Amino acid sequence: MADLSEILRLLEAERDRYILETADLERRLSFIRNQMNVLEALLSGYALEEKMSHLHKRLPESSTQAYLEDSLHSLEEEGEPKTLEQEQELDNKTNSLVTTLASSSTSTLNSKDSKSTTPLPEQPDISDIPKLTTPRKPGTLPLLPEFQEYSIQNAILILMRRRPDLHFHIDAIVRDLYGDKLTPEQLKTAKTNVGKMLSTGVQSGMWYRVLQGHGVYTLKYEKGVTSKPLHKK
């Protein structure tokens with residue numbers, strides 16, 4: 001009987017280890033996908049800008065020159081001297097062509113400027129998340145700069161809203177809120193503080209605990225995967 005209990009304990013520990021690794025890999029994969037989307041947008045924008053810049057430099061000069069050469073060649077083949085009216089007509093056509101090409105180039109550049117703007121990754125709406133109204137007590141372990149104006153619980157909520165479909169392990173949350181340069185004592189304090197706020201958040205319905213994982217939480221309710229929603233009275 002004791003052997004079975006020991007085997008069960010070892011299996012549960014191994015399962016929890018894999019759950020932790022899975023959560024960390026999902027977090028890394030989500031970050032990599034976001035970075036790839038940003039890079040793809042940058043590449044597309046700069047490629048279009050280079051193409052339009054090349055067209056702007058070459059098109060007006062070559063098109064105008066070709067038009068003038070064709071017109072002069074046509075008159076020379078007819079063997080007729082150019083009259084004042086013909087010269088004026090040629091000048092008018094040339095001016096008209098230059099104006100059209102200039103307008104086309106301006107329109108193309110404006111279109112390029114509007115399309116080459118790199119779209120920024122969508123940021124979650126956190127306007128409803130209140131900031132701290134009183135300063136933290138001296139000696140309190142500081143959060144990273146982007147979260148310093150918020151309580152620990154609200155900082156966790158911001159973190160989850162950024163990746164609402166991800167399962168967060170408590171260790172990953174601690175690292176995202178406090179950074180990865182904590183001393184062993186600071187890490188212990190940070191994990192205790194975050195653990196308390198995670199439990200409080202589950203009780204108040206801010207997020208849900210993942211049933212088959214130890215210390216794993218997520219923002220969205222998943223039937224059979226997370227703890228059940230609270231029944232509001």
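This is a predicted model: local features need pLDDT of at least 70, side-chain atom pairs count only at pLDDT 80 or more; totals for chains, interfaces and linings use all residues.
Local features need pLDDT of at least 70 and side-chain atom pairs count only at pLDDT 80 or more, while totals for chains, interfaces and linings use all residues. Residues are numbered from 1 along each chain as its sequence is written, and side-chain values use heavy atoms, with hydrogens and water left out.

Start with H5, which has 20 residues and covers residues 184-203. Helices (H or I, at least four residues) and strands (E, at least two) are DSSP runs, numbered from the N terminus. From its first C-alpha to its last, H5 reaches 29 Å, close to the 28 Å expected at 1.5 Å a residue; the expected span is 1.5 Å times one less than the number of residues.

The buried residues of H5 are Ala-190, Val-194, Gly-195, Leu-198 and Gly-201. Buried means under 20% relative accessible area, exposed over 50%, and partly exposed in between (1.4 Å probe, protein chains only). An α-helix has 3.6 residues a turn, so residues three or four places apart point the same way. On the other side of H5, Glu-185, Lys-188, Lys-196 and Gln-203 are exposed. After H5 comes Gly-205, with a positive phi near 80 degrees.

What covers the buried side? The cover of the buried residues of H5 includes H3, helix H4 (170-178) and strand S3 (216-218). Contact here means heavy atoms within 4.5 Å.

Take H3 (residues 152-162): its axis and that of H5 come within 9 Å and cross at roughly 75 degrees. That makes H3 roughly perpendicular to H5 (65 to 115 degrees; under 35 is roughly parallel, over 145 roughly antiparallel, the rest oblique). Axes are lines fitted to C-alpha atoms, for helices over the stretch in contact, and angles run from 0 to 180 degrees between N-to-C directions. Ile-152, Gln-153, Ile-156 and Met-160 in H3 meet residues of H5 including Val-194, Met-197 and Leu-198.

Within H3, Gln-153 is buried, with a relative accessible area of 17%. Beyond its neighbours within four places in sequence, Gln-153 is in contact with Met-197, Thr-200, Gly-201, Met-206 and Trp-207.

In H4, seven of the nine residues are buried, so H4 is largely enclosed by the rest of the structure. Among them are Ile-170, Asp-176 and Tyr-178. Just after H4, Gly-179 takes a positive phi of about 90 degrees.
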